[in-house]
Amino acid sequence: MKITGTVQHQAWQDKVLPPVEQVRPGLWSFPVPLPNNPLRYVLVYGLELPDGGIALVDAGWDTPEAWDALCAGLATAGCEITDVRAVLVTHLHPDHYGLAGRIREASGAWVALHPADAGLLRARYTDFDGLIAAIREQMAVHGVPDEEAGPLADASRTILPLVRHTDPEILLEDGEQVPIPGWRLRTVWTPGHSPGHVCFLDPDRRLLLSGDHVLPRITPAISVHPQQRHNPLADFFDSLDKVRGLDVEEVLPAHEYRFAGLADRVAALAAHHTTRLDEIALLVIASGENGATAWELARRLTWSRPWEEIQPFMRRTAMLETLAHLVMLAAQQRVRMLDGPPVRWRAMTG
């Protein structure tokens, strides 16, 4: 893999916001800050249109800092927020979708999502009590102690102010061309990180706008969740295979920095999850006949920092990522689930 966004990379090293950049003629990169978040910013891409307007890929979340940064970036590109004609959202997570509603209110832009994510919006961001109750039940079923299950589920409420809900006017199916003039973008459905995650392929410029599917440094969270598909990690592996052979010169991710060498990065992501599957399988074997819960296994795994330093919302993510690997191990007939509650996982015997 080769870093092509060298200015972005240096800004990442310096822990500062990268500048607005013109990536190609008519194509801009607008960094939109994510305060108090390890991802630091989301890269919103602006595609100039023949009528003087602009289409955005992703939006950031709904905070004053994000709004101001987006408006400043548009000004650098010679546009205003009222010039936005469309917001193409790669997936429903708040740092990508959260500001779309406000942009639409200010400009009249239409919003597009894959139908698998569009169908989850109201339960996630409007009528959310049922989803939070389902998450709390999931926590308990998979071994989270009562004193932590509630706070872990309620952590979802902290993201609600970051989203201004709007229903998409356009649903983008796999393989469909995005209806914006002057561009030949093809929708590539890549479930895994979310059920309806999409990338956008520009075959003319040999670019892939990869959202969170393929990032240059980190792996996207692949979690079992009440709103996820049954085996999201298997979906993710399939989605990696789907983009591996695309003829692209450069990848434009939603976080960190641009890079070349898509196939190499895809191979590295797949290898990471294969190693993680083996690590978890060994922990399950070590748990013996009684097995272990997903919560117990998550606490034993190696993370980027000690478990005690992981914040509640990220502890939940860690447990749900562990669960995603267990579901895939079960599909591979390497472990099996023992009835609960709490549900425990035991190694398959010959």
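## Cysteines

Let's start with C71, which is partly exposed, with a relative accessible area of 25%. This is a predicted model, and it holds zero disulfides. C71 is in no disulfide, then: the nearest cysteine sulfur belongs to C79 and is 12 Å away. To count as a disulfide, the two sulfur atoms would have to be within 2.5 Å.

What about C199? At 0% relative accessibility, C199 counts as buried.

## Aromatic pairs

How many aromatic pairs are there? The count comes to three. One of them joins W12 and Y41: the ring centres are 5.8 Å apart and the planes sit at 80°, so this pair is edge-to-face. The pair links distant parts of the chain, with W12 in helix 1 (residues 6-14) and Y41 in strand 4 (residues 41-48), 29 residues apart. Both W12 and Y41 are buried.

Another pair is Y97 with Y125. Here the centres are 5.7 Å apart and the planes are at 20°, so the rings are stacked. Y97 lies in helix 3 (residues 94-97) and Y125 in helix 6 (residues 121-125), so the pair ties together parts that are 28 residues apart in sequence. Y97 is buried, with a relative accessible area of 0%, and Y125 is buried too, at 9%.

## Charges over rings

Which ring does the charged end of R102 sit over? That would be the ring of W67, with the charged end 4.0 Å from the ring's centre.

Definitions and conventions: Residues are numbered from 1 along each chain as its sequence is written. This is a predicted model: local features need pLDDT of at least 70, side-chain atom pairs count only at pLDDT 80 or more; totals for chains, interfaces and linings use all residues. Side-chain values use heavy atoms; hydrogens and water are left out. Buried means under 20% relative accessible area, exposed over 50%, partly exposed in between (1.4 Å probe, protein chains only). Rings of Phe, Tyr and Trp (its six-membered ring) pair if their centres lie within 6.5 Å; planes under 30 degrees apart count as stacked, over 60 as edge-to-face and the rest as tilted. Helices (H or I, at least four residues) and strands (E, at least two) are DSSP runs, numbered from the N terminus. A charge sits over a ring if NZ of Lys or CZ of Arg is within 6 Å of the ring centre and within 35 degrees of the ring normal.
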